[in-house]
Each structure stands twice: as C-alpha cells, then as structure tokens.
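Subject: Structure handover

Hello,

Here is the structure for your files. My notes on the domains and the core follow below it.

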Amino acid sequence: MKILWCITGAGQFLPDVCEFIENSKLKITVAFSKAGLEVSQMYGVFSRIKKNSVDTILEETQGASFPVIGRLPKNEYDFVVVAPCTANTTAKIAYGIADSLVSNIVAQALKTRIPVYILPTDAEKMQKTRIPINIDIEKCRNCVPCKAMEKCPNSAFFVSDRVWLRQSLRHVSERLKPLSHIRVNLLKCNACRRCIEFCNYKAITFGKEITVHSRKIDMDNVRRINRVKGIRVIKNLRDLFSRDE
Ligand SMILES: Cc1cc2nc3c(=O)[nH]c(=O)nc-3n(C[C@H](O)[C@H](O)[C@H](O)COP(=O)(O)O)c2cc1C
C-alpha cells in the first residue's frame, strides 16, 4: 500500500504521527507544508520522519503551482493522509481552497477518487497538547551569562527587547523595575534539548502540557470536511485505514 502522508504545522498528534511512520511497514511518502517542516524541526521529529519515509516533499520547493500533484492522477498513491491537519488547512479544504501544497494534494486526490483520511487538530472543544522548548519566566533568573544560551549549538537564545514584570511580583507593585527576558527563537531550535541541563533553575522544559480551546469556526470546518465525499475524518491514528466507513 502506497501512502502520501501530509504533515501540516501542528504540534498536536505530531509525536504519535512520527511513531506511526517509524513503526509502519507501509511505503510512505511524506509531504511537509512550510509550517509542517518548521514545527517538525521544533519538536525534533523531522529527521526521524524523513529517515523512515520513502520520499519527502517540501512545500518550499514546490513553487506556486505544486507540480508534484501530477503524481496523483498517475495512481502513484493508494491513499492520502493529512495528519496532523491544522485549523488553517482544514479551513482551506472546507472551502475548496487549493493554494498550498496540502490543500492542493487533497483537491487533486478528490478529483482522482483517491481516498483521503484527515486527522484535524481542532475536532474537540478542548485539547491537551505539548509545547516544544519553553522558558518558564517565573523560574528564569536571567543569569548573565546564561549558560543555556552559551551552550546552544544553534544560537537559538536571545535577550528580548521587550520588558516584562515578573508575574509573581505583579501583585506587589506595578511600579517594580521591569526585567528583560531570555527567550528562544523556535525557528532556530532543533529540539536537541541540551540547554535543559545547563539551567540551574530548571526554567527550561520540553513537552510541557498545555490546554487549548478550539474556536467554533474551526470545529464547524471539521464537520464541513467530514461531509465531503471521499474524505474520512479520524479522531486518532488507530482509525486509519479501518473499514467501518
Ligand atoms: C509550536 C507550534 C505548534 C502549533 N500547533 C498547532 C496546532 O496544533 N494546530 C493548529 O491548527 N495550528 C498550530 N500551529 C500554528 C500553525 O503552524 C499555523 O497556523 C500555520 O500557518 C499552519 O500552516 P499549514 O496549515 O499550511 O501547515 C502551531 C504553531 C507552532 C509554532
């Protein structure tokens, strides 16, 4: 079975997707949206996915017309999977927009009767998700020099020009001297996580769980794509390729 698997720019479900592709015996070609590539690097899964796929397609190499979609009418794939599917790409699919790599692949798959499975991030009212490298501003002492910043092989740390009051001191006085903050540019971070061990105050974490609330418009769009002939919306990867349609 040959699969064209599209990864859009979502952290939600991404570790599960990476694990699925690593353990799969299927022939999987992976197409990354521009944001999908960036977010996969932030979570440190891009090279793992690339290593376990037969081919990778990057949106940034596909110009404005996405010539790679020409593979679909030639029956090079049995299924298209979009997992995770961001609220952004879900909205495009819901309204028939095809101006990005993934929305184009879905449009072309439907036109050539190739089944499409979609795992949207915003199907439920509330989701728990994990964020990549994060500096807890409550714990960060803005050390000079900051060892984590010094040791980062990608120079991803920087001192923010913005100034903040420590949250914990806000109630004491709004007139307290504000602090500048050490921050991470996630576009430079490749999730090597070496910085974590260099912070004596345990201010740096990877994979911290947060709760997000879906917008109504995003949940409506999920319902909308679920009604499209040829698309099957799934809630988790266990539902992939199941025959209870
Ligand atoms: C770390 C990180 C995690 C993200 N996770 C999500 C997510 O779970 N769901 C979502 O809809 N957007 C998420 N986004 C925002 C999308 O990447 C953004 O909307 C992007 O424009 C989507 O483009 P695409 O649909 O072409 O991939 C995330 C962004 C970042 C930086």
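Predicted model: local features only at pLDDT ≥ 70, side-chain atom pairs only at ≥ 80, totals over all residues.

Residues are numbered from 1 along each chain as its sequence is written.

Five residues of domain 1 contact five residues of domain 2 (contact: C-beta atoms, placed from the backbone, within 7 Å).

Next, the core. The largest nonpolar core has 66 residues (a set of buried Ala, Val, Leu, Ile, Met, Phe, Trp, Tyr and Cys joined through C-beta atoms within 7 Å; buried means 20 or more other C-beta atoms within 10 Å, exposed 12 or fewer, partly exposed in between, with C-beta atoms placed from the backbone). Cys6, Val80, Val82, Ile105, Val106, Val116 and Ile118 touch the most other members. Helix α5 (residues 101-111) gives the most to this core, seven residues (helices are DSSP runs of H or I, at least four residues, numbered from the N terminus). Ile105 touches Leu4, Cys6, Ala31, Ile69 and Val80, leaving out residues up to four places away in sequence.

Last, Glu197. Helix α7 (residues 194-198) holds Glu197. Glu197 counts as exposed because it has 12 C-beta neighbours inside 10 Å. Its C-alpha atom is 46 Å from that of Arg71, 126 residues away along the chain.

Best regards

How values were computed: Contact = placed C-beta atoms within 7 Å. Helix = DSSP H or I, 4+ residues; strand = E, 2+ residues; numbered from the N terminus.
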